[in-house]
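Welcome! Below is a short tour of a structure, taken one region at a time. Take a moment to look it over before reading on.

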Amino acid sequence: MTHTVLVTGVGRHIGARVAAVLAADPGIRVIGVDTVPPTSPERDGRDGGAQLRDSLEFVHVDLRSPDITRVIAACDIDTVVHMSLLSGPALSRSAMKEHNVIGTLQLLAACQRSDTVRRVVVRSSTVVYGSSPLDPAVFTESSEPAEPPTSGYGKDTVEVEGFVRGFARRRPDVAVTTLRFANLMGPGVDSPLTRFFTQPVLPTVLGFDPRLQFIHEDDAVEVLRRTATEDHPGTFNAAGDGVLLLSQCVRRAGRPTLPVPGPAFRLLGELARGLDQVDYSPEQVALMSHGRAVDSSRLVAELGWTFAYDTAAAYADFLRSRGLTSNLPLAVVDALAGLVR
Amino acid sequence: MKELLAFVRRRVSGDYEVDEFGYDPELTDTVLLELLRPLYRHWFRVETSGLEHVPADGALIVANHSGTLPLDALMLQVCLHDEAHRAVRLLAADLVYRLPTLSHLSRKFGHTLACPEDADRLLRKGELVGVFPEGFKGVGKPFTHRYRLQRFGRGGFVSTAMRAGVPIVPCAIVGAEEIYPKIGDFTLLARMLGLPYLPMTPFFPWLGAFGLIPLPSKWLIEFGEPIKTTPSDADDPMTVFNLTDQVRETLQHQLDALRERRGPAFHR
């Protein structure tokens, strides 16, 4: 029996990779939707970009419009993988909110009307937990955040998860999986956080050293592939084991830091946002102050599979792929050690 | 020297591990404990007893809290590290995690926020968790109330220990009450700064920074017999309440006996 999988957000790196890995399975027909066609393949050499374009049926759909209903009805879709949430800051806030929230509503409405959809997988994020000094050190799926996000991507994600829960209640016959991913890290990932780490000088919030957690892109793709091809209903955290402190990250990258007081950090962010470079939204400032860690053991138990990379390994792979291997402070220490000896 | 260089190299390259709570054992052992040890050994001359009551795996250490600044918590950490070879994971007030610098140092030194989730997680990993149920009411009480246990919150720590099925070890700390005798409180200023209290001692703020030198009282730390818990009763409020009361009473008796044994605070 062949499956027909609808993948949203194929215009972006991770969406394209998931679509490719699903399309490689002869039993699966993949229909990709987005407002832009899948990214050019130079970076995705190992997935075979040309091959992807052949095996993937790309449909140009703006999720905010009801066109998606027709796509789902016309193609006998049985599985929907929704990965098109935008975290900014490329779009204006209102456009981003509309894309995330209205887009999800349209998609879920289409799924609800469909007789063929049997499985829905939604890529969410650990931003739903917010980041505050009142939170437990490690979130499980049932933890209630002390201060839920009230703006931006975090708020959108919370709303989207709300819609998804509502959908799951109305259509108990559909297996609904919500995956809360930590920050993606890896050679092909281009996110506000990866851009943050490739800056020549890293601004940090003075007096804070947050715990950060990453998931390697290969692991994220594998989690999405598995949940798209088997029923794993429920909500799951997905993050590499362990944490890295921001100070450890910058030391491992050998980068200089510029500690700035919290309010100044935000101001700097406003300036940088104009340059469309890095994300210094209030959620990002909170993350850079208080950090966040989640427990992914439920997902590991559900899938019967473990991540190939822990947080530290995912970060190391990212550094390697970006050539961030020269470490000046370390070279100085080694030179001094040589003198002493 | 070689060791020091290797240490500096590891720190500079970020080549060390922290656990999911942010605990950095290397930094704690090589920096914090080294700094605290002279205070522990020579200033407060801490003597310990009942170390045989500290279990080899998960347990909840319940201690009295006093001294205006929580030096008793840090001395307990040195005590368990040096005498019992255990890294105690202390539960701290949320105020600590709102403050710059203190928030990340506290995590690096193995402490975490006092909430049931964190305590439960640590206990199930077999860690030794230290809690001060009196909280600010204990550490910030006036000198005239010394060695009188304050209210024990809602007994949340007891139900956490019960759920995790670990014993509760009462721990009496004598000596911390005298380090900064609190004789007054700048209530208004404290409220403006968002602090639970701003103490006045015979030396602070009158002598400025010198007023922050703790008085060299004689300290005794004693671990009492572990109190067993059973997970089945964790949801019964009456059982939790009774056990909380039992722990509090045991600790008060232990405290009185230990204070008697010590004698005058500034003798020798």
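## A helix with one covered side

A residue counts as buried when its relative accessible area is under 20%, and as exposed when that area is over 50%. Please keep in mind that this is a predicted model. Which residues of H13(A) are buried? They are Leu330(A), Val333(A) and Ala337(A). These residues cover an arc of only 60 degrees around the axis, which puts them on the same side of H13(A). The general rule behind this is that an α-helix has 3.6 residues a turn, so residues three or four places apart point the same way.

The face of H13(A) turned away from the buried side carries two exposed residues, Leu328(A) and Leu339(A).

## Where chain A meets chain B

What do the buried residues of H13(A) pack against? Their partner is helix H1 (2–13) of chain B. Within that helix of chain B lies Ser13(B), a buried residue with a relative accessible area of 12%. Ser13(B) touches Arg251(A), Arg252(A), Asn327(A) and Leu330(A). Leu330(A) is also one of the buried residues of H13(A).

## The sheet of chain A

Chain A holds an open sheet of 7 strands, in the order E3-E2-E1-E4-E5-E6-E11, and the pairing is parallel. Its edge strands are E3 (56–60) and E11 (234–238), each of which pairs on one side only. On average, neighbouring strands of this sheet are turned by 20 degrees against each other, direction ignored.

Two pairings show how the strands line up. Strand E1 (residues 3–8) of chain A pairs with E2(A) in the parallel sense over 6 bridges, and here Thr4(A) stands opposite Arg29(A) in E2(A). Strand E6 (residues 175–181) of chain A pairs with E11(A), again in the parallel sense, over 5 bridges; Arg180(A) stands opposite Asn237(A) in E11(A).

## Around the sheet of chain A

Helices lie across these strands. Helix H7 (residues 217–229) of chain A lies across E2, E4, E5 (119–125) and E6 of chain A, at about 170 degrees to E6(A).

Is E2(A) mostly covered or mostly open? It is mostly covered, with 6 of its 7 residues buried. Pro26(A), in the loop between helix H1 (13–23) and strand E2 (28–34) of chain A, is exposed, with a relative accessible area of 79%. The C-alpha atoms of Pro26(A) and His3(A) are 9.5 Å apart, although 23 residues separate the two along the chain.

## The sheet of chain B

For residues 59–176 of chain B, an unreviewed UniProt entry lists "domain: Phospholipid/glycerol acyltransferase". Over this stretch the chain is 40% helix and 19% strand, and its end C-alpha atoms are 23 Å apart.

Chain B also has an open sheet of 7 strands, ordered E1-E9-E6-E2-E5-E3-E4, with mixed pairing. The edges are formed by E1 (47–49) and E4 (112–113) of chain B, each pairing on one side only. Strands E2 (residues 59–63) and E6 (residues 168–174) of chain B run parallel and are joined by 4 bridges; the bridge partner of Ala63(B) in E6(B) is Cys171(B). Helix H3 (residues 71–83) of chain B packs on the sheet, and its direction makes about 65 degrees with that of E9(B).

## A helix across the strands of chain B

Helix H10 (residues 237–262) of chain B lies across E1, E2, E6 and E9 of chain B, running at about 35 degrees to E6(B). At 1.5 Å a residue, the 26 residues of H10(B) should span 38 Å, and the end C-alpha atoms are 37 Å apart, which agrees.

Among the buried residues of H10(B) are Val240(B), Leu243(B), Val247(B), Gln252(B) and Arg262(B). The buried residues of H10(B) pack against E2, helix H8 (156–164), E6 and E9 of chain B. Just after H10(B), Gly263(B) takes a positive phi of about 80 degrees.

Note on methods:
Residues numbered from 1 in each chain as written. Chains lettered and ligands numbered in written order. Predicted model: local features only at pLDDT ≥ 70, side-chain atom pairs only at ≥ 80, totals over all residues. Heavy atoms only, no water. Buried < 20%, exposed > 50% of the residue type's maximum accessible area, 1.4 Å probe, protein only. Arc of directions from axis to C-beta. Contact = heavy atoms within 4.5 Å. UniProt positions renumbered as here; feature names shortened; annotations may be inferred. Pairing = 2+ DSSP bridges. Axes fitted to C-alpha atoms, helices over the stretch in contact; angles between N-to-C directions. Expected span 1.5 Å × (residues − 1).
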